[in-house]
Amino acid sequence: MVIGVPKEIMPHEKRVAATPETVQRYIKKGWQVIVEQGAGQGSYFSDEHFVEAGATIEPDVERLYAKADLILKVKEPQFNVEKNKHELEMMRSGQILITFLHPASPANHEMVKMMAERGIIGLTLDGIPRISRAQAMDALTSMSTCAGYKGMLMAMNALPKFVSPIFTAIGSIPPAKVLVVGAGVAGLQAIATARKLGAIVYATDIRPEANEQAMSLGAKIVDLEIPAEVATGTGGYANELPEIWLEKERNKLSEVLPEMDIVFLSALVPNRRAPILVTENMVKSMKPGSTIVDISIDQGGNCDITPHGTSETKHGVLIHGIKNIPGHIPETSTRMFAKNVYHLVDYLIRDDQVHLNFEDEIIASIIVTDGRQIVHQGAKEAMGLL
């Protein structure tokens, strides 16, 4: 088994899919690891460190793709400007790709179709089920923790006012108000970070259990009045809501958005496009100088005017649609990510071959293309293929 680890080419992405520590683990299993030259530089892992761990360094990424059986990446395949071709064009039929694919996101539909056309087997890390035997593989939880922390710091850094209450000779300055929409892993980390820095924090989620967790961290709950039986799906995840309930949710959010300085959007539905919870008219109602961080952008975004992959000021509100927020703390996020990927690879490989049992809950949840066609249910629904 030959494992290939290319350098990430998304702008400003500093993470890499393996570390010298995980390379050592792969080598001990008897597998070969090829790392593209400079792949770990952004996360402070040198080529020398990878060589010491047993990896081969390859300066030409096309040769890396040609030699590898299994490709490990952080972000979905992109167009490689230096090679003047898409990363998928360097891959061959039957080759396996493990990365975050976010296949239900409209921005990734053409890429997913291209994977199927080229016979590539695509496994998406955002599909790992949150069950006990998959915890060590759950890169989405790891990266959500990073995104909740760093995303909230980014919002506060952009805010044109103090976050914590300040007392001065000319009077007191009140704290900033923060609203966290979606109290999952990222949302809870964002709440904790905002609370530590002195903000008044409000939170909301359609799931009662998630609101209880947010409240335990000191957040004030905005009740969306969505019945629990409608809101909560399998495994405690949020359900995909019918439009009538989404409209009710938006109406409730509209009542509080004008008061907020920061709105942190992290509401996701597993294997589906992110629900639109903040419309352009709702953004217009917000205070000039306020900030939205939409970390659900990989799955389409919770705000319908979030810029894809960048940050823009619209209607006086700075909206962050950056896709690689965990990459802004690359050393920590890479260590976490690489360990998650190692545990998944170790689970998949038996007798030096990747075994894909589609009856297995983990594999059934992460398979996007099977080497012939698109099989991911959420992607097919979003593409209108069902």
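Q: Is E259 buried or exposed, or partly exposed?
A: E259 counts as partly exposed, at 37% relative accessibility; buried means under 20% relative accessible area, exposed over 50%, partly exposed in between (1.4 Å probe, protein chains only). This is a predicted model, where local features need pLDDT of at least 70, side-chain atom pairs count only at pLDDT 80 or more, and totals for chains, interfaces and linings use all residues. Residues are numbered from 1 along each chain as its sequence is written, and side-chain values use heavy atoms, leaving out hydrogens and water.

Q: What does E259 form with K177?
A: A salt bridge, with the closest N and O atoms 3.9 Å apart (that is, a side-chain nitrogen of Lys or Arg within 4 Å of a carboxyl oxygen of Asp or Glu). E259 lies in the loop between α9 (243–256) and β14 (262–265) and K177 in strand β11 (residues 177–181), so the bridge ties together parts 82 residues apart in sequence. Helices (H or I, at least four residues) and strands (E, at least two) are DSSP runs, numbered from the N terminus.

Q: And K177, how accessible is that one?
A: K177 is partly exposed, with a relative accessible area of 26%.

Q: How many salt bridges does the structure hold?
A: It holds 32. One of them joins R372 and D370 at 3.0 Å, N to O. R372 is exposed at 62% relative accessibility, while D370 is buried at 10%.

Q: Which residues do salt bridges with shared partners join into one network?
A: E58, D60, E62, R63, K67, K83 and K85. D60 and K83 pair up with their closest N and O atoms 2.9 Å apart.
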